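Hi,

Here is the structure I said I'd pass on.

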Amino acid sequence: MQRILFGEQLGPVFDDGDEPVLLVESLAAFRARPTHRQKAHLYLSALRHRAQELGDRVELVRAPTFREALRGRDLVAVDPPSFAARRLVRELGATILPSRGFVTSEEDFASWVRGRDERGLVMDTFYRWVRQREGILMTKAGKPVGGRFSYDADNRQPPPKRERLELPEPWWPREDDIDRQVRDDLDRWEQDGTVRFIGADGPRRFAVTHREGRRALQHFVRHRLPSFGPVEDATLAADWTMAHSLLSVPMNLGVLDPREVVDAALAAYADGAAPLNSVEGFVRQIVGWRDWMWHLHWHLGERYVHRNALQARRRVPDAIWELDAAAIEANCLSSVVAGVHEHGWAHHIQRLMVLGNFALEHGWSPAETTAWFTGAFVDGTSWVMPTNVVGMSLHADGGVVATKPYASGGAYIDRMTDYCGGCRFDPKVRVGEDACPFTAGYWAFLHRHRERFAGNPRMAQPLAGLGRLKDLDAVLEQEAHRTLW
Ligand code: FAD
Ligand code: SF4
């Protein structure tokens, strides 16, 4: 019997050391949709590094598809992270172990969710339950440390009035012979037309082994975690990483266990090396959001990605598919797309309040937007994207993941970023040549869905604002024909 390790199961936690290991290198996923070159590099580098670590225990098979590589073998698998792979291992009669790589198990979630309908699926309730159950940041008396479960209110500061946060550089990996071989292979495949990538090649920026993941984690906890909370939602154009951890890649590759990440943050708090608002804010990203999105993915099912409650049918524009920042006039959008071109990564607020917000207001198809995000982002996996894009960003599930759409005009972007100063548009202007596509797009979006949102108490204030707009007709006429953004 062989232990098959999928491409998101490449760390020690997925291997019990009992069986010989099978690793499969297949280019099928990179051909399914336009994929960022650095994402392909990270996957191949992680896989080949794992093969090197496992030495004689491993058989590394190169095959067009997983199906071809797995057929006819006697296999044991940790339940894999995609619907397609789960079907495949069952069809092939593999022995299946419960999934791993999250703080809570699928069984834990099943016990939490029993008896709740879609309206009862609230991340905050789940997060508090996990905190209590695992004793994370809890006192002996069973109360949250510091008296509150959430320090969100302290963590929404605008960026400082300077170009960069001025934190030490994040930890960067040192490329080795495996990376050089991966780069040569990618060059060759691009040249002979085997695959076509988007985005720039670059030095590898993310950890791909357990050892690298631990180094990146230690460096983050020491140098960035103390600042993480206050500027969690802020953006400075010249500071692409801000105080973020850059740990989604090693966690999603399975090389860094999220429990280890949480434990390191808690230890920093216990030692007085990081304040509570930063530690709680960071722990919530992992124990709350990351686990939550994983469980919702299975709970909401494979058809979820096709939900389209707002009937959004516009194609994702070519400039976005091709990561062509020069073709985009809006400074915020152009800068974020340039960052994705360069790194295959953007931080959460850039994803949600710039890319996602624009896609929401301009009615991009949820399934196509999900496909774009999945290919363009180095940490994009099939389990993480649907709920983040269809649910959180595009409100296409009708309010399951987020009770109100994350739509906002240019005023929010102006407050939380430094993009607007260098933009040809003006965030305060709704009509005319300078009209900000986010501000005008916001009102057009609200108007388009005013009847649906009328029943949502959280939308009462924005709809009242819509009712007071004197130039609404001009805004709607302009946005119906907008080509400049
Ligand atoms: P940090 O800001 O340092 O946060 C720490 C960790 O929290 C992340 O590494 C991640 O594991 C976890 N986390 C926080 N929020 C989420 C969330 N909403 N869903 C899942 N995990 C979360 N995350 C991905 O892992 N892969 C994606 O492809 C991805 N795409 C996204 C697309 C959109 C439209 C949005 C709104 C969010 C997306 N996220 C995704 C969530 C989040 O933006 C990224 O996890 C984060 O920006 C990664 O950078 P970081 O590791 O520096 O995160
Ligand atoms: Fe973005 Fe509008 Fe600000 Fe320009 S003015 S950077 S388009 S929010």
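Which helices each supply at least two residues of the shell around ligand 1? They are α10 (248–252), α12 (276–300), α15 (348–361) and α17 (385–393), with helices being DSSP runs of H or I, at least four residues long, numbered from the N terminus. α12 gives the largest share, six residues.

Before you dig in: this is a predicted model, where local features need pLDDT of at least 70 and side-chain atom pairs count only at pLDDT 80 or more, while totals for chains, interfaces and linings use all residues. Residues are numbered from 1 along each chain as its sequence is written, chains are lettered from A and ligands numbered from 1 in the order written, and side-chain values use heavy atoms, leaving out hydrogens and water.

The shell holds 27 residues, meaning those with a heavy atom within 4 Å of the ligand. H244, S245, L246, H348 and M385 come nearest. Domain 2 (106–170 + 205–300) and domain 3 (305–480) both contribute to the shell, so ligand 1 lies between them; the bounds come from an automatic or database domain assignment.

On polar contacts (N or O pairs within 3.5 Å), one ligand oxygen sits 2.7 Å from a side-chain N or O atom of H244. An oxygen of ligand 1 is also 2.7 Å from a polar backbone atom of L246, and a ligand nitrogen is 2.9 Å from a polar backbone atom of D379. The protein buries 99% of the 810 Å² that ligand 1 exposes when taken alone (Shrake-Rupley, 1.4 Å probe).

Cheers

How values were computed
A polar contact is a pair of N or O atoms within 3.5 Å; within protein, one must be able to donate a hydrogen and the other to accept it, and residues adjacent in sequence count only if both atoms are side-chain atoms.
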